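Me: Could you walk me through this model with me asking questions as they come up?

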Amino acid sequence: MNETTRKIAILSSGGDAPGMNAAIRAAVRSGLGRDCKMVGVLHGYQGLIEGEMQELELRSVSDIIHRGGTTLYTARSDEFLTEEGKQKALRNLKAHGADALIVIGGDGSFRGALELARRGVKVVGIPGTIDNDIACSEYTIGFDTAMNTVIEMVDRLRDTAQSHERCSVIEVMGRRCGNLALSAGIATGATAVLVPEMAFDFETDILERIAYTRSIGKRHFIILVSEGVFKEENSRFSSSAEMSAAIAEASGIATRTTVLGHVQRGGSPTAKDRIIASEMGYLAAELLATDRGNRILAVRDGKVCDLDVEEALAAEREFDYALYRMSQGISL
Ligand code: ATP
């Protein structure tokens, strides 16, 4: 298909993730290289509603590949959920002569993109979220960096837990998805990993695991827990601190609680995040430049590919129970 000259807008939306800048950079350079004009939208869909848009040149995206966060800023927008908000966004795209949009974000941001696609905008979604929770893709930009940050923090906490023979309860991000806790749990040898996808029993999954590993010589214990665990309806505890206190009381082991929080979102992206983000940014602009819209980019069988947006959003996420069992089988 011949490339057509067009104006492509690009925004980041939802939670920021390391690697978003690499995707922005690649998309801008890929688009400009195909004689498209590129427009950056600041503050996600809210910025689109408010017309916060500026043309981007080759040098606008210099010196950002190694930076965490997103230089286009990001936001969550309730106004965009309304029809009026969407119409304002459409008017601003039109006013800037843009009929194509690249959205870097998570599942919610893609649902927003689908709404625009249904109203005539050509969209391409790039999965960027530290949660790795997008059903259609094996990987989301930012996950590797966040996971490595968690591992570094857990290793540090482990040093002190080991010295004092304590139990360290560490809460990581993941409101509905335990992938970050699971992967970091495997990589750090956590005694127990609690994720929102699986109900846990305090006695068997925590106290008995601690007691058993203690009986075979373990003297310090790491309990990794996704934040979403405490938001589950039947959760016995309302917070990591409460669960930590219950562990101390029942086991007699001194415990400490650490909520890692936003440190997990920041930092310079890893090589993996920079490279996948670059591949995705490049492909996103290439698709739109050649008139192929309404796609979501994904990693499948380890390769970057593009999927129909409706089909991609209909996919259901599957938790890797086998990996979970493996992690519990070897972290003794
Ligand atoms: P993260 O995984 O980091 O939370 P996300 O993209 O899933 O990222 P959301 O807060 O769910 O983050 O969505 C970002 C924005 O996308 C919302 O603030 C809203 O403006 C828009 N959005 C979400 N869901 C929809 C929807 N169903 N229809 C239209 N717009 C939506």
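Me: Before anything else, what kind of model is it, and how are residues numbered?
Reply: This is a predicted model, in which local features need pLDDT of at least 70 and side-chain atom pairs count only at pLDDT 80 or more, while totals for chains, interfaces and linings use all residues. Residues are numbered from 1 along each chain as its sequence is written, and side-chain values use heavy atoms, with hydrogens and water left out.

Me: How many helices and strands are there?
Reply: The protein chain has 11 helices and 11 strands, where helices (H or I, at least four residues) and strands (E, at least two) are DSSP runs numbered from the N terminus.

Me: And what are the overall dimensions of the C-alpha trace?
Reply: Along its principal axes the C-alpha trace of the protein chain spans about 70 × 35 × 30 Å.

Me: What share of the residues counts as buried?
Reply: Of the 332 residues of the protein chain, 54% count as buried, with buried meaning under 20% relative accessible area, exposed over 50%, and partly exposed in between (1.4 Å probe, protein chains only). The protein chain exposes about 14400 Å², of which carbon and sulfur atoms supply 47%; accessible areas come from the Shrake-Rupley method with a 1.4 Å probe, and for residues only the protein chains shown count as cover.

Me: Which domains does the assignment give?
Reply: The assignment gives domain 1 (7–142 + 269–314) and domain 2 (144–265), and such bounds come from an automatic or database domain assignment. The contact between them takes 14 residues from domain 1 and 12 residues from domain 2, where contact means heavy atoms within 4.5 Å. Taken over C-alpha atoms, the centres of domain 1 and domain 2 are separated by 34 Å.

Me: OK, and what does Ile 102 touch?
Reply: Leaving aside neighbours within four places in sequence, Ile 102 is in contact with residues including Ile 8, Ile 10, Val 124, Ile 126, Ala 284 and Leu 288.

Me: Switching topic, how many disulfides does the count come to?
Reply: The count comes to 0 disulfides, a disulfide being a pair of cysteine sulfur atoms within 2.5 Å. The sulfur of Cys 136 has its closest cysteine sulfur in Cys 305, 8.1 Å away, which is too far for a bond. Cys 136 counts as buried at 4% relative accessibility, whereas Cys 305 is partly exposed, with a relative accessible area of 22%.

Me: Which non-glycine residues have a positive phi?
Reply: Among them are His 43, with a phi of about 60°, and Asn 132, with a phi near 50°. His 43 lies in the loop between strand E2 (37–41) and helix H2 (44–50) and is partly exposed, with a relative accessible area of 28%. Asn 132 is in the loop between strand E5 (122–127) and helix H5 (143–164) and is buried, with a relative accessible area of 12%.

Me: What about Gln 264, is that residue buried or exposed?
Reply: Gln 264 counts as buried, at 1% relative accessibility, and lies in the loop between strand E9 (255–259) and H9. Beyond neighbours within four places in sequence, Gln 264 is in contact with residues including Ile 130, Ala 146, Glu 171 and Leu 180.
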